[in-house]
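Good morning, and thank you for coming.

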Amino acid sequence: MMMQFKSLEFKNKDGHTLAARLDLPLEGKPLAYALFAHCFTCSKNIKAAGHISRALTRERIAVFRFDFTGLGESEGDFSDTNFSSNVKDLVDAADFMADSYAGPKILIGHSLGGAAVLQAASKIPSSLAVITIAAPADPGHVSLALGDSKEIIERIGEANVELAGRTFRIKKQFIDDLESVRMQETIQN
């Protein structure tokens with residue numbers, strides 16, 4: 001069974017227009033809405049998100065997925081973003097959903113997106129369930145993907161880093177932000 005979808009846009013609190021997609025069941029009104037957070041440097045269009053959306057829409061759960069600031073089709077400079085800005089984007093997406101459709105009852109995150117939905121959950125009052133897929137227990141773990149570039153970033157303040165065959169500018173503030181996250185506290189609370 002296929003799903004229907006709407007291409008959408010919304011503004012985050014920083015004024016950037018973020019590209020989004022709402023996957024809807026073919027028949028009937030959605031029983032609930034889910035908010036999907038993609039992995040670090042990915043986009044709303046990753047294959048896994050499509051598979052998950054199809055499975056959920058068959059169960060009459062609508063899925064809202066969007067590109068974080070500076071990624072995919074969204075505005076903004078990726079090098080000015082960090083884990084905290086991703087969490088804010090999730091809260092802004094949930095607010096948009098609540099204003100336009102219904103607040104998300106289910107938060108789903110893949111990889112770093114999984115850590116982000118855990119952080120955002122307490123700020124999204126409609127959320128009842130959080131699902132993570134291959135999320136790091138410590139978001140600081142992502143800095144390991146930077147390899148030798150991490151030292152350059154620490155020393156110079158920024159560097160171009162190749163990740164999954166694409167080049168991204170990463171600034172020191174990104175690493176500092178990751179290291180400030182206290183995931184165990186979040187999960188405990």
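I begin with a cysteine link: with -75° about the S-S bond, the link of C39 and C42 is left-handed. These two residues form a disulfide, with their sulfur atoms 1.9 Å apart; the term denotes a pair of cysteine sulfur atoms within 2.5 Å. A search of the whole structure finds one disulfide. Both C39 and C42 are buried, where buried means under 20% relative accessible area, exposed over 50%, and partly exposed in between, with a 1.4 Å probe and protein chains only.

A word on the source: this is a predicted model, in which local features need pLDDT of at least 70 and side-chain atom pairs count only at pLDDT 80 or more, while totals for chains, interfaces and linings use all residues. Residues are numbered from 1 along each chain as its sequence is written, and side-chain values use heavy atoms, leaving out hydrogens and water.

Next, the interior. A nonpolar core is a set of buried Ala, Val, Leu, Ile, Met, Phe, Trp, Tyr and Cys residues joined through side-chain atoms within 4.5 Å. The largest has 45 residues, and L35, F64, F66, L90 and I170 have the most contacts inside it. Helix 2, residues 83-100, gives the most to this core, with eight residues. Helices (H or I, at least four residues) and strands (E, at least two) are DSSP runs, numbered from the N terminus. A second, separate core of 11 residues includes L56, I61, V63 and I106.

Finally, strand 7 and strand 8 form a hairpin with two residues between them. Six bridges join these antiparallel strands; two strands pair if DSSP finds at least two bridges between them.
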